[in-house]
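Have a look at the sequence and the model, then read on.

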Amino acid sequence: MNFNDIKSLDEGYVLQTYARNQIAIDHGQGATLFDTEGKKYIDFTSGIGVCSLGYANEAWARAIYDQAMRVGHISNLFYTEPYARLASKLVPAAGMAAAFFGNSGAEANEGIIKVARKYSYEKYGQGRAVIITLKNSFHGRTITTLKATGQDHFHDYFFPFTEGFRYARANDMDSLLAQAGEDVCAVMMELIQGEGGVNPLDRDYVQSVARLCRERDWLLLIDEVQTGVGRTGTMFAYQQFDVQPDVVSFAKGIAGGLPFGGFMTNEKCRSVLRSGDHGSTFGGNPMAAAAANVVMDALTPAFLEEVREKGQYLRDRIAALGSPYVSGIRGMGLMLGVGVQGMTHKELKDRLMEKGLLCLTAGADTLRLLPPLVITREELDQGLDIMAEVMSA
Ligand SMILES: *Cc1c(COP(=O)(O)O)cnc(C)c1O
């Protein structure tokens with residue numbers, strides 16, 4: 001099928017909930033993609049931070065195939081090796097105590113909200129269920145995670161929303177303290193707000209929040225759905241902030257492109273959810289877990305160092321463009337936001353796509369770059385050449 005055939009099926013039969021780019025992706029290799037018309041693109045998106053090992057990674061595809069030929073799925077009423085092996089690698093790498101596996105970021109965040117509320121309920125009883133989240137955050141699309149998301153426009157139409165969320169300004173302890181109270185059980189935040197515009201939190205602020213949480217026995221819930229699993233150049237972003245969450249969620253990059261997500265708790269919270277309290281039909285699916293094991297095996301210390309180096313290289317080269325359209329560069333590792341001025345972020349994204357570079361947008365004016373973690377220098381340079389062509393004065 002060519003682009004027009006696919007687009008007409010989409011328009012005929014699919015809910016029109018996405019502002020899709022006007023190309024259809026056909027296949028790829030590494031960080032290079034091809035559309036159905038044969039045009040080549042350098043990929044600075046990884047889906048949305050999902051395809052950590054790029055496209056058509058041999059070991060990843062082989063692991064999925066091999067697992068599919070053994071047992072592709074069986075319920076969580078049985079043990080299987082892939083999820084158990086995955087947990088044994090992920091949990092120590094995160095400095096946590098135990099994991100729960102589900103399928104998506106929103107589902108993972110629903111889980112961490114449940115942990116916080118049950119922890120508090122068992123220890124303090126009713127009336128202590130409020131979770132403070134940050135303005136400009138993004139935590140997902142379910143009714144509860146929409147309400148957890150600190151952006152007003154996500155709180156339209158779908159009433160009634162789940163109660164028990166209050167919002168504080170990021171990087172502002174006074175604003176957080178203004179939302180404090182006897183009814184609070186947790187603070188939930190991204191360390192780099194992704195959808196909100198690639199806004200990293202200040203290290204001092206994050207450490208102050210962690211301290212306050214300890215003092216008041218609030219759980220520190222960190223949403224690493226976008227920042228986690230190597231994206232920022234460490235296994236989890238909190239490892240660069242010198243804090244340890246009580247519960248951390250992850251999803252996007254964990255299985256390199258298969259739907260997978262989950263959360264981990266520390267020792268204090270490992271027994272909060274017990275038999276019957278939580279579950280997920282597809283959670284820990286053997287094929288997805290086999291794929292995640294390949295991702296985890298790839299994330300060696302040397303690989304993570306390369307992620308940091310490639311991120312720094314990308315930053316330096318974009319800064320060196322001296323582009324009048326760039327107002328600033330933010331982020332960590334291969335999660336970067338380029339502030340756009342002089343045209344809209346969507347306009348810039350479209351012009352780059354036209355020339356063969358795929359990027360994302362975020363917030364009101366940010367071009368968001370989330371290349372596959374395996375992107376080569378050659379691919380980075382090809383993408384940067386396109387940026388130079390489109391963004392020079
Ligand atoms: C993408 C994202 C989510 C939602 O993940 P889904 O898999 O789309 O449900 C939640 N939190 C953050 C920080 C995200 O970036």
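Which residues are around the ligand? They are Ser104, Gly105, Ala106, Asn109, Phe138, His139, Gly140, Glu190, Asp223, Val225, Gln226 and Lys252, where a residue is near a molecule if one of its heavy atoms lies within 4 Å of it.

Before going further, some ground rules. This is a predicted model, so local features need pLDDT of at least 70 and side-chain atom pairs count only at pLDDT 80 or more, while totals for chains, interfaces and linings use all residues. Residues are numbered from 1 along each chain as its sequence is written, and side-chain values use heavy atoms, with hydrogens and water left out.

**The ligand and its surroundings**

- Sorted by class, the shell around the ligand has three nonpolar, six polar and three charged residues. Here Ala, Val, Leu, Ile, Met, Phe, Trp, Tyr, Cys and Pro count as nonpolar, Asp, Glu, Lys and Arg as charged, and the others, Gly among them, as polar.
- Helix H5 (residues 105-124) gives the largest share of that shell, three residues. Helices (H or I, at least four residues) and strands (E, at least two) are DSSP runs, numbered from the N terminus.

**The E13-E14-E17-E16 sheet**

- Four strands make up an open sheet in the order E13-E14-E17-E16, with antiparallel pairing; two strands pair if DSSP finds at least two bridges between them.
- At the edges are strand E13 (326-332) and strand E16 (360-362), each pairing on one side only.
- On average, neighbouring strands of this sheet are turned by 30° against each other, direction ignored. Axes are lines fitted to C-alpha atoms, for helices over the stretch in contact, and angles run from 0 to 180 degrees between N-to-C directions.
- E13 is joined to strand E14 (residues 335-340) by six bridges, and Val326 has Val340 as its bridge partner in E14.
- Helix H10 (residues 301-320) lies across E13, E14 and strand E17 (366-369), and runs at about 175° to E13. Contact means heavy atoms within 4.5 Å.

**The E1-E2-E3-E15 sheet**

- Another open sheet of four strands has the order E1-E2-E3-E15, and its pairing is mixed. Strand E1 (25-29) and E15 are its edge strands, each pairing on one side only.
- Strand E2 (residues 32-35) and strand E3 (residues 40-43) pair in the antiparallel sense over three bridges, and Phe34 has Lys40 as its bridge partner in E3.
- In the hairpin of E2 and E3, four residues sit between the strands, and Gly38 takes a positive phi near 90°.
- E3 and strand E15 (residues 357-358) pair in the parallel sense over two bridges, with Asp43 standing opposite Leu358 in E15.
- Helix H12 (residues 377-391) lies across E1, E2, E3 and E15, running at about 105° to E3.

**Backbone details in the loops**

- Phe159 and Pro160 are joined by a cis peptide bond, with omega about -5°. Pro160 lies in the loop between helix H6 (143-148) and strand E6 (165-168).
- Asn171, a residue other than glycine, has a positive phi near 60°. Asn171 lies in the loop between E6 and helix H7 (173-178).
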